[in-house]
Amino acid sequence: MVEVNFGRARPDHVVGLRRVAELAEWDHRRIGATVTWRRIELDGPRALAQAARTVGSPQIRNAGTIGGNLATASPAGDGHPFLAAVDASIELASTRGTRSIPWQDFFLGVKQTAMADDELITGVRLPDDLPSRQEFGKVGVRNAMVISTVCAVVTRREDGATTVALGSVAPTPMRARQAEEMISSVTVPTEPDLAVFAHLVSREVTPITDHRSTEAYRRHAAGVLCRRLLERCLR
Amino acid sequence: MIVTFTLNGEPATARVVLPASLLDVLRDQLGLPGSKNSCDQGECGSCSVVLDGEVVCACLVMAVDVEGSAVATVEGVARDGVLDGVQRAMHEAGAVQCGFCTPGIVVTAADLLARKPAPNRAEIKEALAGNICRCTGYGAIIRALENMAGGGR
């Protein structure tokens, strides 16, 4: 709609999805495409709910959906790090049938996805066994109506298995696999472990300098943010 | 395309040319200019309306998508010529400067108070996070709502 308001898009045909009840269904680990951030803020898994609360403003959260976030595929999409951290799949449908693709195959580049022109996002599938500890965080210039400079989710299981997913620091959401591998093998991380972990995160991200921040700041902030989120998971 | 919906409790019909926003239809076709257009991208909240029970930015709603829905605008907040408690409180607290953001703030604040009759300061600020006042008159706006939360409507 913003594209239309600014004269950048003038679609000949529009398909209204607001009243398609099936798309708004939410069955445990399957979240329908038109489930709003407001609903996720209230009922979502911890880190996804935390992310939902930082999306736009109350007005935006009442209208914006998890499917819309995915379709836009902004590198800064607040919902993406959670989906990457838990290895969610995206469900797509067309008259040719349905398919479910892993998150890393869905995001192809900045605002580019694996969706075909005739496909619709119908929902998101989360794994049944979500990590017991999960934390979302975001760096931005104010609390509301801000596009993140860096956003991230860190999850940790009882056995130490840790995932680290970030947004706004690469063309697509990404996982910091080296940092994950390093910290997952440490049962009780010490101060030096946390420092190495933060360093690895900063080294793995591939941010750019743009009007919102610099490459150097994003790199630094990514490490600091993920370390803090890990510390929260360890509490 | 003809769109039929409920507007401030009354049946409404609009002939919508795709892809017009709900805001444009309200202002230009239905004669309700209370919802303001400032940013056209959901940043400012001055076009806040209640759509099927939820506050949204009318500039981000495609008008054809409100078929069969209920829309409430700032024009419907006062009843029978009597100001709503939010409007009275803002008037009394001097919570209006240039006034451009005021309709959106009235709609958003009325929705907050309908859900939560005695919000605290943090809750008021979070609820109004999507309503920008370029005059920066937030102090009086928040005080007005705090007064209501303390004194009832």
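## Fold and domain arrangement of chain A

Chain A contains 10 helices and 11 strands, where helices (H or I, at least four residues) and strands (E, at least two) are DSSP runs numbered from the N terminus. Its radius of gyration is 18 Å, close to the 18 Å from the globule rule for 235 residues, so chain A is as compact as a globular protein of that length. The radius is taken over C-alpha atoms, and the rule is 2.2 Å times the number of residues to the power 0.38.

This is a predicted model, in which local features need pLDDT of at least 70 and side-chain atom pairs count only at pLDDT 80 or more, while totals for chains, interfaces and linings use all residues. Residues are numbered from 1 along each chain as its sequence is written, and chains are lettered from A and ligands numbered from 1 in the order in which they are written.

Along the principal axes, the C-alpha atoms of chain A fill a box of roughly 60 × 40 × 30 Å.

Chain A is divided into two parts, with bounds from an automatic or database domain assignment.

| Domain of chain A | Residues |
|---|---|
| Domain 1 | 17-125 |
| Domain 2 | 133-234 |

The contact between them takes 21 residues from domain 1 of chain A and 22 residues from domain 2 of chain A; two residues are in contact if their C-beta atoms, placed from the backbone, lie within 7 Å. On the side of domain 1 of chain A that touches domain 2 of chain A, helix H3 (46-53), helix H6 (80-85) and strand S5 (107-109) of chain A each supply at least two residues. The largest share of that side, five residues, comes from H6(A).
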